[in-house]
Amino acid sequence: MTIEFIWQLPTGGDGRYAAPGITRRGERAAGAPSPLQAGVSDPRGARPPFNYLDYLHQIARAADLSGFDGIQIRHDTQGDESWIVAGYLARSTRHVKLIAEFDAAWGSAVYAAKNAVSFQRFTGGRFAWQIGHGGDAAARRRQGDVAPDADILPRIDEFITVARGVQGTSPFSFKGKFFEVQGGGFKGPLANHPVNGIYLTGDSQEALALSARQADVHVFDAAPLADLQPVIDSLQAQARQLGHDVAAGLRIDVLARETFEEALRDARRYRSGAGLPDDTPFDAGAAAFWPGFAQAQTGAHGALVGSYGQVAAALEAYAQAGVSSFVLAAIPHFEEAYRVGEHVLPLVRAALNTQRQAA
């Protein structure tokens, strides 16, 4: 089993150690005070000639250089558009997969597929999709999507069917409830390219059934291993019955330091800065699973807190349970990409390699 480690890109803003409020590093809003002291003019002017995309570029390069296999470009309704960010970062990274997250109302499946083929051509096959559900009905309406809840998953199902169809077949025809194509399919320079990977999410039985049919990776929300194991087994059993393979992914934050005590201290500082309670019990002998640790900032439902070795051991245990795609993050994303990539990932990979050799 191949294990991949993905680092999440904070398209809606980042935070700082012990100061978890969202900021946009490298960017100063109009009217915001200069970082220089009173009486000292800023030679860059009222608004510096760079923006938050420069910071996202730094994070992507850090992930690329420190050994991650990919970056997940988070969909944020108030943040920069994930597809645009992916295009910006494609030329400045060499190895990482670019996973653009977008919601169910993206639009034409054929147009999305054409964009994906162009990304595949220009990145050497490093592009993938993560398709979300768009939030609740009120959130979807704010984005101009008035589809009822019952239509969201069937629409994603048809979206994927059409996108894969036009990428791999010509002529391709399809008629469903949401999409219709007559004699379509790509020819010429757009034909015969690797189909982009599909990452899906969701914890309902309907979402799991969709992934069993269509997903390359189903990304589960962070949860203790004992809670996650039966759901992974169920998903993969459904997929096998359909003659399909689907990998299990995990979206989880990590806070790793040289010692457990240091990790716990920084975790408590962060929670205190966010005005959140410190009510999670800890055992210094293993990495702690902290539910909802930085969910408001990163979207992850929990975090692993511990020493480098403890966090690596916890990730290894998830891998042994069947997780093969880890979508990780920590605040601030730039500095922590180096920390996790240099100190945690090598430990996990070495342990898994030793186990494979012994098997």
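What follows is a short chat that goes from the whole chain down to single residues.

Biologist: Before we start, what kind of model is this, and what pLDDT do local features need?

Modeller: Residues are numbered from 1 along each chain as its sequence is written, and side-chain values use heavy atoms, with hydrogens and water left out. It's a predicted model, where totals for chains, interfaces and linings use all residues, side-chain atom pairs count only at pLDDT 80 or more, and local features need pLDDT of at least 70.

Biologist: How many helices and strands does the protein have?

Modeller: Helices (H or I, at least four residues) and strands (E, at least two) are DSSP runs, numbered from the N terminus. On that basis, the protein has twelve helices and 14 strands.

Biologist: What radius of gyration does the protein have?

Modeller: The radius is taken over C-alpha atoms, and the globule rule is 2.2 Å times the number of residues to the power 0.38. For 359 residues that rule gives 21 Å, and the model comes close, so the protein is as compact as a globular protein of that length. The C-alpha atoms fill a box of roughly 65 × 60 × 40 Å along the principal axes. The radius of gyration itself is 21 Å.

Biologist: What percentage of the residues is buried?

Modeller: Buried means under 20% relative accessible area, exposed over 50%, and partly exposed in between (1.4 Å probe, protein chains only). Out of the 359 residues, the buried share is 49%.

Biologist: Where does Ile99 sit, and which residues does it touch?

Modeller: Ile99 is part of strand S5 (residues 97–102). Its relative accessibility is 0%, so it counts as buried. Not counting residues up to four places away in sequence, Ile99 touches Ile6, Ile71, Gln72, Ile73, Ala128, Trp129, Gln130 and Tyr199.

Biologist: Which residues does Ile252 touch?

Modeller: Ile252 is in strand S11 (residues 247–257), buried at a relative accessible area of 0%. Thr298 is 46 residues from Ile252 in sequence and 9.4 Å away in space, C-alpha to C-alpha. Leaving out residues up to four places away, Ile252 touches Ala222, Phe289, Ala300, Gly302, Ala303, Leu304, Tyr318, Val327, Leu328 and Ala329.

Biologist: Is Glu336 buried or exposed?

Modeller: Glu336 is in helix H11. Leaving aside neighbours within four places in sequence, its contacts are Trp7, Tyr17, Arg257, Ala330, Ile331 and Gly341. With a relative accessible area of 1%, Glu336 is buried.

Biologist: Which residues does the cis peptide bond with an omega of about -5° join?

Modeller: Most residues other than glycine have a negative phi, and most peptide bonds are trans. A cis bond with omega about 0° joins Ser170 and Pro171, and Pro171 lies in the loop between helix H5 (149–168) and strand S7 (172–175). Pro332 is in the loop between strand S14 (323–329) and helix H11 (333–343). The cis bond with omega about -5° joins Ile331 and Pro332.

Biologist: What is the phi of Asn192?

Modeller: Asn192 lies in the loop between strand S8 (180–184) and strand S9 (197–201). At 76% relative accessibility, Asn192 counts as exposed. Its phi is positive, in a residue other than glycine, and is near 65°.

Methods: Contact = heavy atoms within 4.5 Å.
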